[in-house]
Amino acid sequence: MPKRTPPAQPDLRLVQAEAEIYDLMRQPETTADRVKRLQLEAKALAVEQVEALEAVLMQAAAMAKEIAEGGDAYPVGAREIAGRLASDLPSKSETLKAIVGRAL
């Protein structure tokens, strides 16, 4: 009796959720349409980056507050600068948030 070989594994591949499926029924994208699409993508990426900066500023403000309130373990000058940053960075983050909100 011939030996049976197990069936070959199917070639399954995962597609990223963001992958774009090309619609064969639509007209090819014009250069102007492509420019508009790319500009929208660039603006969206810019907003994401500014939002990431806002988050980092808030983390830095929290760390600065810890240092400012850290007592004698930290040098006096470092505590003073950290105290100023702790009070200044949240307002800078809010300003960025307002600017991005107006731009949308």
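The legends below describe close-up views of a predicted model.

**Figure 1. Overview of the predicted protein, with 2 helices and 0 strands.** The protein has 104 residues, and buried residues make up 11% of them. The exposed surface comes to about 9,500 Å², of which carbon and sulfur atoms supply 60%. Among contacts between residues at least 6 apart in sequence, 51% join residues at least 24 apart. The count of salt bridges is 4; the views that follow include three of them, namely Arg37 with Glu29, Arg37 with Glu41 and Asp72 with Arg79.

**Figure 2. Salt bridge between arginine 37 and glutamate 29.** The side chains of the two residues meet with an N to O distance of 2.8 Å. Arginine 37 has a relative accessibility of 30% and therefore counts as partly exposed. Glutamate 29 also falls in the partly exposed class, because its relative accessibility is 37%, between the 20% and 50% cut-offs.

**Figure 3. Salt bridge between arginine 37 and glutamate 41.** Here the N to O distance is 2.9 Å. Both residues belong to helix 1, which spans residues 31–68. They are 4 residues apart, so about one helical turn separates them. Glutamate 41 has a relative accessible area of 38% and is partly exposed. Salt bridges that share partners join Glu29, Arg37 and Glu41 into one network.

**Figure 4. Salt bridge between aspartate 72 and arginine 79.** The closest N and O atoms of this pair are 3.7 Å apart, and the cut-off for a salt bridge is 4 Å. Aspartate 72 counts as exposed because its relative accessibility is 76%, which is over the 50% cut-off.

Figure 5. Leaving aside residues up to four places away in sequence, alanine 64 touches Ala82, Leu85 and Ala86. Isoleucine 81 is 17 residues from alanine 64 in sequence, and the C-alpha to C-alpha distance between the two is 8.3 Å.

How values were computed:
Residues are numbered from 1 along each chain as its sequence is written. This is a predicted model: local features need pLDDT of at least 70, side-chain atom pairs count only at pLDDT 80 or more; totals for chains, interfaces and linings use all residues. Side-chain values use heavy atoms; hydrogens and water are left out. Buried means under 20% relative accessible area, exposed over 50%, partly exposed in between (1.4 Å probe, protein chains only). Contact means heavy atoms within 4.5 Å. Accessible areas come from the Shrake-Rupley method with a 1.4 Å probe; for residues, only the protein chains shown count as cover.
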